[in-house]
Structures are given as C-alpha cells and as structure tokens.
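Me: I would like to learn how to read helix packing and salt bridges in a model. Can you take me through a case?

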Amino acid sequence: MSDFTGKVVFISGVARGQGRAHALELASRGADIIGIDICQDINSMDYPNASHADLKETIRLVEATGRRMVGRIADVRDREGLAAAFAEGHAEFGRVDIIIANAGIVRLTPSEGEQRAVVWRDIIDVNLTGVWNTIEVALPAMRQSGNGGSIVITSSSAGLKGTGSDLAGSQAYTAAKRGLVGLMQTLANEYAAEWIRVNTVHPTGVASGMTMNATMEKLFAAAGAGEGSGMTTMQNALPIDILQSTDIAKAVAWLVSDEAKFITGIALPLDAGFSVR
C-alpha cells in the first residue's frame, strides 16, 4: 500500500461521499488534508448538499487516523473564497502535492421554462468552471515547489458515454463531465515537463448523498415500474448496481501514487463496464 507520509492533498467536495472517502483513504496512508465544501443547498437542485456537520465529521475522521486536516466552507463557484480557503491550508502545511477536484452536482428531474437555464448554468458552473477554479487556486503552489504532483479530476461515466435525455440537468451534467476530459488533456500536456500528472476518473453510480436521497429513490422506483424515467439506460455491464465511495478512493489513491508515476492524460473508467454497454 502506497505511503503518502509528508504529502498534502487538496480536495473539493470533501464533506461526504467520494470527497470524504478520498480524504480518509489518503490520510490513512499518511497524508494531511486541505478540504473544502459548500455546506449549503443549491436552490436549483432537487436534493440536499452536505452540511457543516458533515464537514466537521470528515475532519474528525481524518484526525482519528492521526493526520491533520484544514477543512473550510467554500463554494467552488466563488474563486475568491476558494482561494482564501486553500491559502489557509497551504499556510498550515506549506505544500500541496495532490489536487482532487471532486465537487459536483446533478439534477435528473424535469425543470420548466426559465428554470431550465438556471439548472444548466448551475451545473456547468459547479461541475466544469468549479473544477477549473479548484485547480487554478492550488496549481501555482504545486508548481512553485518544484516537486511535481498529481491532479485527479472527478468526471463520470457520462463523460465517456452520453445517453439520450431532454432534461436540462442531464444535458448540462454530460456536457460538463465531457468538458473535463478536454481540460484534463490540456493541463496534462502543459505541465508534463514539470512532472505534474493530470488524469480524470469516470465512476458509474456511486453511493453518496447525490445518489442516495428521496428524489433519486423516486426515480429508481419509476424506472423499476417501467415509467421511462431515463434511469433504465444507466446500467452497468458487471452485475453490480452501485459502487461505494471507498471503491473510487482506492483507485484514485493508486493513480496519485508513485506506482502510477508514468500515467498522465488518461480518462480512467471506474464504471463496472458501463461505457462498453
């Protein structure tokens, strides 16, 4: 198991789900964590975001591993606030070796009229521009150290394979997640000479607050009843309905480790065969 002792990781969307899993996996291997989360709901979305209590629990769990964490409330859409949060963590630890741009949102229920444009904008702003902001505020410190580094962007199986939908949320989500691949490839080419590696990961459905909520339960129930909610197209090739956040975290821990030191510019499916169906 790779040792990350002395390394510092910056993670967005750290309060629960995949973000928390990344923090705990890497902390358990010796890393210290800088983490941010919005810790409030976004009005255009149809499920609750993580709370401040969730963020405090992530901090507690990281500290229980014996490592340190600077966790702050920040919105990836707010460049100034995001930069201030990162700066606090960087001042505490003095370095950043790994960036995991993980924060994201989705809406898979209908929106009508002007609300469609709001849903589109919010998802693009969080899932695409928010990722760019996350990297932008931390990359200068990574480059200045001269130690190289690793950046992992959380895309989605939707970033590799689009499925038909008239929903603004689904269209925006797929567009953003596909856009992340282009961003990754551009950054991977630009910073390879500095030994900064950049990759995307593309999970299928993962058990988290985004997928395990009252709205999603209704959508899955409708799909099971054959009501054409669109969820019936989201099926894995392997006989597993949903992955766990720890499954993704273990794969990402390998990707940011020295064991994968020659891997950059790839879109890594963690999708139980979803993209080959």
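Predicted model: local features only at pLDDT ≥ 70, side-chain atom pairs only at ≥ 80, totals over all residues.

Reply: Residues are numbered from 1 along each chain as its sequence is written, and side-chain values use heavy atoms, without hydrogens and water.

Me: At what angle do the axes of α4 and α5 cross?

Reply: Two packed helices are described by the angle between their axes and the distance between the axes. Helix α4 (residues 114-145) and helix α5 (residues 168-191) have axes that come within 8 Å and cross at roughly 20 degrees. That makes α4 roughly parallel to α5 (angles under 35 degrees). Their contact residues divide into 18 nonpolar, four polar and three charged.

Me: How many salt bridges does the count come to?

Reply: Side chains of opposite charge can pair when their charged atoms come close. The rule is a side-chain nitrogen of Lys or Arg within 4 Å of a carboxyl oxygen of Asp or Glu. The count comes to 13 salt bridges. One of them joins K250 and E25 (3.5 Å, N to O). K250 lies in helix α7 and E25 in helix α1, so the pair ties together parts that are 225 residues apart in sequence.

Me: Is E25 buried or exposed?

Reply: Buried means under 20% relative accessible area, exposed over 50%, partly exposed in between (1.4 Å probe, protein chains only). E25 is buried at 10%. K250 is partly exposed at 49%.

Me: Which residues are linked in a network of salt bridges?

Reply: D32, R67, R68 and E92.

How values were computed. Axes fitted to C-alpha atoms, helices over the stretch in contact; angles between N-to-C directions. Helix = DSSP H or I, 4+ residues; strand = E, 2+ residues; numbered from the N terminus. Parallel < 35°, antiparallel > 145°, perpendicular 65-115°, else oblique. Nonpolar A, V, L, I, M, F, W, Y, C, P; charged D, E, K, R; others polar.
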